[in-house]
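Please look it over first, then read the notes on its pockets and its sheet.

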Amino acid sequence: MMKKKRMILVSVLTIFVCLAAYAGGGQEEGAKQVIRLNAGCGHPESMAYVALFRDFFIPEVTKRVEERTGYRIEWTQAWGGSVAKLADQFESVESGLLDFAVTGPGGFEPVKTSGFALTGWLPFNSPDSLQSSIALKETMAKFPDVVKEIYYDHNILPLIVCALPNYDLITTFEWKNISDLKGKKIAAYGTNLNFLKGTGAVAVQSNLNEAYTCFQTGVYEGWIMSGDLTVDFKLNEVAPHLKKIGFGVLPFIWGMNLATWEKLPKEVQDIILEVADEYMRLECKTTDEQNQEAYDIIVQQGGTVTSLTDAQKAEWAKMLPNLPMQWVTEEEAKGYPAREILRVYIQELE
């Protein structure tokens, strides 16, 4: 009888141990406790910033956490809009659907993050990705109340500031003078549409995932676009003429779900911040290099690459309304210290 009771007790204890392991989601394997994270993006992996997050940020965080802590990270990845489309990324991080995704400002989320979307209102901004990214990062650091309202209050940690490269204009037709754009349908995404105001072009809101087909079907005849994105999406096959205009780079932010962040051990947080800074610098360097290389590729594949003269750039700038002050007026009406944010950003660039 005693032997039978001991067997029952052992069986019950075994069941409790199994249940405890199941309740933890299999969180512990050997000496390492498993942390599960997921990352996604509306853009495909062919884009430099996505490929580098996949091939640098994720492996480096994983390796360093494994080597330096008692934890191990397992990742789920969802690129190309498989979980969140471009317009849904902010909400996907806010809700916890994704732990990491791009969360504005400017072209990615022009409304909810408008308080820091000033580069979309600064035509002929800096063409240097790292310079512009650091300037925005430092500017945001000086306005913690605005960061709190835009990001922290929406359960998002603005983790990494980096950039899409210097924007030019690709078209299905060759043109020499700005007046040649009058009546032409030109696409852009988000705040980049501002750069067409006053030119006579017909602005069309669009996104890269539909660009190739839209060119083929005549929905539009041009795109405010960088060289590397033109090549990445093979748009030079349908819009082979690139005009170097130099509207400037478009900084953006990888956000992380704040609730997920706060649950992470301090040593894991430190490693993520460490790799985030390295990723920012690598992404900006790679982006600018690939953009320069893309100009040669477009020509090699039968396209043309020409440049606006300085006089034409000045002419274009005069056609535009006072975009920076429009942004200031709109954002101050929302309660943001926009004039001061603009001043600090320009100061940081300098």
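On a 1 Å grid over the protein atoms alone, a pocket is an open set of points where a 1.4 Å probe fits, with protein on both sides within 12 Å along at least five of seven lines, and lining residues have an atom within 4 Å of a point. This is a predicted model, in which local features need pLDDT of at least 70 and side-chain atom pairs count only at pLDDT 80 or more, while totals for chains, interfaces and linings use all residues. Residues are numbered from 1 along each chain as its sequence is written, and side-chain values use heavy atoms, with hydrogens and water left out.

**Largest pocket**

- The largest pocket is lined by 16 residues, and Lys 137, Met 140, Pro 158, Leu 159 and Val 161 lie nearest its centre.
- Its space comes to about 290 Å³ (the volume filled by probe spheres set on the points, which are joined across faces, edges and corners).
- Helix 4 (129–141), helix 5 (144–150), strand 5 (156–164) and helix 9 each supply at least two lining residues; helices (H or I, at least four residues) and strands (E, at least two) are DSSP runs numbered from the N terminus.
- Strand 5 provides the largest share of this lining, five residues.
- By class, the lining has 14 nonpolar residues, no polar ones and two charged (Ala, Val, Leu, Ile, Met, Phe, Trp, Tyr, Cys and Pro count as nonpolar, Asp, Glu, Lys and Arg as charged, and the others, Gly among them, as polar).

**Second largest pocket**

- About 220 Å³ of space lies in the second largest pocket.
- Eleven residues line the second largest pocket, with Ile 35, Arg 36, Thr 260, Lys 263 and Leu 264 nearest its centre.
- Strand 2 (32–40) gives the most to this lining, five residues, and helix 8 (258–263) also supplies at least two.
- The lining divides into six nonpolar, three polar and two charged residues.

- Six strands form an open sheet of mixed pairing, in the order 8-7-9-6-10-12 (two strands pair if DSSP finds at least two bridges between them).
- Strand 8 (202–205) and strand 12 (304–307) are at the edges with a single partner strand each, so one side of each has no neighbour in the sheet.
- Strand 6 (residues 168–171) pairs with strand 9 (residues 222–225) in the antiparallel sense over four bridges, and Leu 169 has Ile 224 in strand 9 as its bridge partner.
- Helix 9 (residues 266–300) lies across strand 6, strand 10 (241–244) and strand 12, at about 130° to strand 12 (axes are lines fitted to C-alpha atoms, for helices over the stretch in contact, with angles from 0 to 180 degrees between N-to-C directions; contact means heavy atoms within 4.5 Å).
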